[in-house]
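Please read it alongside the sequence and the structure shown here.

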Amino acid sequence: MNDFSPVADDEAVAIARILANDHVADVVEALNHESRETATDLLCAVPFERLVEIFDQPELEGAPELVEALPRPKASKLLTAMSVDRAADILRELDEPARSELLGALAPPLRATLLSILGYPEGSAASIMTTEFVSVPSDWTVGRTLDYIRKVERTRETVYAIYIVDPETHLLVRSTGLRRLITGEPGDPILSVAPDRVPVTVTPLTDRETLAQTISKYDLLAVPVVDHGKILGIVTIDDIIDTMIEETTEDVHRFGGMEALDEPYMKISFLSMIKKRGGWLCALFISEMLTANAMQSYEGELEKAIVLTLFIPLIMSSGGNSGSQATSLVIRALALREIGLRDWWRVALRELPTGLVLGAMLGVVGICRIALWQYMGFYNYGPHWPLIATTVGAALVGIVTFGSLSGSMLPFALKRIGFDPASASAPFVATLVDVTGLVIYFSVALVILRGTLL
């Protein structure tokens with residue numbers, strides 16, 4: 001669908017009719033390219049049922065602002081008709097007094113449900129769950145359950161998972177899928193078609209990463225959120241995919257050396273972009289000043305053997321690259337729960353020989369390069385060029401090994417003190433290894449070149 005241009009009132013009505021017949025995903029994509037004013041005008045002309053479909057899409061950008069721009073009666077009616085989890089997402093991002101006004105206009109039961117969801121920490125299972133699920137007493141039959149599903153289907157987020165509770169205590173006892181249900185005889189007890197095992201559940205405070213891993217591990221379409229045996233709601237796979245995309249985006253931004261953007265790239269304001277990127281750049285710049293301090297400490301050696309400066313960029317980039325590689329691998333492994341905090345020593349024992357081998361590979365390449373340039377006449381490194389080549393080769397072994405080891409340990413250190421391992425961004429690791437790399441390089445040069453160039 002093509003982007004819309006600002007439209008007049010009569011044109012907005014005509015376009016709204018078109019929107020009513022297009023696929024809702026296409027409608028949302030088109031609205032995302034419009035200004036808030038134009039999008040609001042178009043949405044006001046859309047049939048109400050279609051409006052609910054549009055706002056139920058997590059991909060709709062600026063949904064809280066669009067809801068706030070609608071007339072209050074229409075906005076409250078919209079929140080009532082939407083899925084509970086999506087309504088909670090929108091209310092969570094609204095500022096006061098709009099949030100209180102909209103909550104006050106809702107029916108007491110719905111208001112209590114939304115306040116309960118909003119009361120949980122953002123990012124927890126309960127904060128993204130929906131209370132619109134199918135649950136039936138354990139003494140029902142297959143036929144009665146199917147009749148019930150037919151009646152409530154339009155008011156439930158999913159009917160593919162059916163949760164069976166004790167009729168007296170309301171505790172969750174079993175769960176079954178719709179496929180098992182429709183293959184049973186109408187007169188069979190529902191427990192007879194349910195798998196004879198305890199359902200996979202999560203607690204209200206389970207974090208999103210654990211939630212995603214649980215759904216992936218057990219191939220679930222939805223997972224119940226249970227507190228003291230009672231089911232509070234469910235988290236469906238589409239909800240967790242949306243939240244994980246958001247979280248992954250934040251991690252990518254942090255790993256790039258900046259704060260996570262809370263708006264699409266093309267819509268974030270200039271000042272916000274400066275704030276998100278400027279702080280990290282300043283911190284990295286100040287850290288890089290340590291590199292200048294390290295070089296000043298070896299000013300005398302540089303004056304005696306100016307040829308050493310030719311290889312500083314090579315040395316620094318190699319250490320930073322190896323550190324960034326190790327950091328990326330460990331952060332991903334931590335995120336997928338392939339390793340835990342107590343596995344740090346196993347990672348260290350793995351990265352130490354890896355760094356030595358990788359450093360040796362680069363060292364050989366560096367030595368060959370210096371020898372080739374010397375023999376081919378591209379550059380004259382002087383009579384002591386074999387010692388210079390040996391210095392570069394040995395320094396690369398040490399620097400790459402240190403980069404791999406420090407890059408792999410930094411995420412563990414950050415997680416241990418309570419920070420997101422993704423904060424161990426590639427630029428930060430590179431800066432750390434740059435400083436130590438220079439120290440290693442000049443220390444090796446002092447040992448090998450003492451009595452000749454130094």
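With a relative accessibility of 38%, E53 counts as partly exposed, a class lying between buried (under 20% relative accessible area) and exposed (over 50%), as found with a 1.4 Å probe and protein chains only. The model is a predicted one, in which local features need pLDDT of at least 70 and side-chain atom pairs count only at pLDDT 80 or more, while totals for chains, interfaces and linings use all residues. Residues are numbered from 1 along each chain as its sequence is written, and side-chain values use heavy atoms, with hydrogens and water left out.

**Salt bridges**

The structure holds six salt bridges, each defined as a side-chain nitrogen of Lys or Arg within 4 Å of a carboxyl oxygen of Asp or Glu. Three of them are set out below.

| Pair | Closest N to O | Relative accessible area |
|---|---|---|
| E53 and R50 | 2.9 Å | E53 38%, R50 10% |
| D196 and R174 | 2.9 Å | D196 71%, R174 23% |

E53 and R50 both belong to helix α4 (residues 48–55), where they are three residues apart, about one turn of the helix; helices here are DSSP runs of H or I with at least four residues, and strands are runs of E with at least two, numbered from the N terminus. R50, at 10%, is buried.

D196 forms a salt bridge with R174. D196 lies in the loop between α11 (178–182) and α12 (208–218) and R174 in strand β3 (residues 172–177), so the pair ties together parts that are 22 residues apart in sequence. D196 is exposed, whereas R174 is partly exposed.

**The histidine at position 33**

H33 sits in the loop between α2 (24–32) and α3 (36–44) and is partly exposed at 47% relative accessibility. A polar atom of its side chain lies 2.7 Å from the backbone oxygen of E29. H33 and K267 are 234 residues apart in sequence, yet their C-alpha atoms are 9.7 Å apart in space.

Methods
A polar contact is a pair of N or O atoms within 3.5 Å; within protein, one must be able to donate a hydrogen and the other to accept it, and residues adjacent in sequence count only if both atoms are side-chain atoms.
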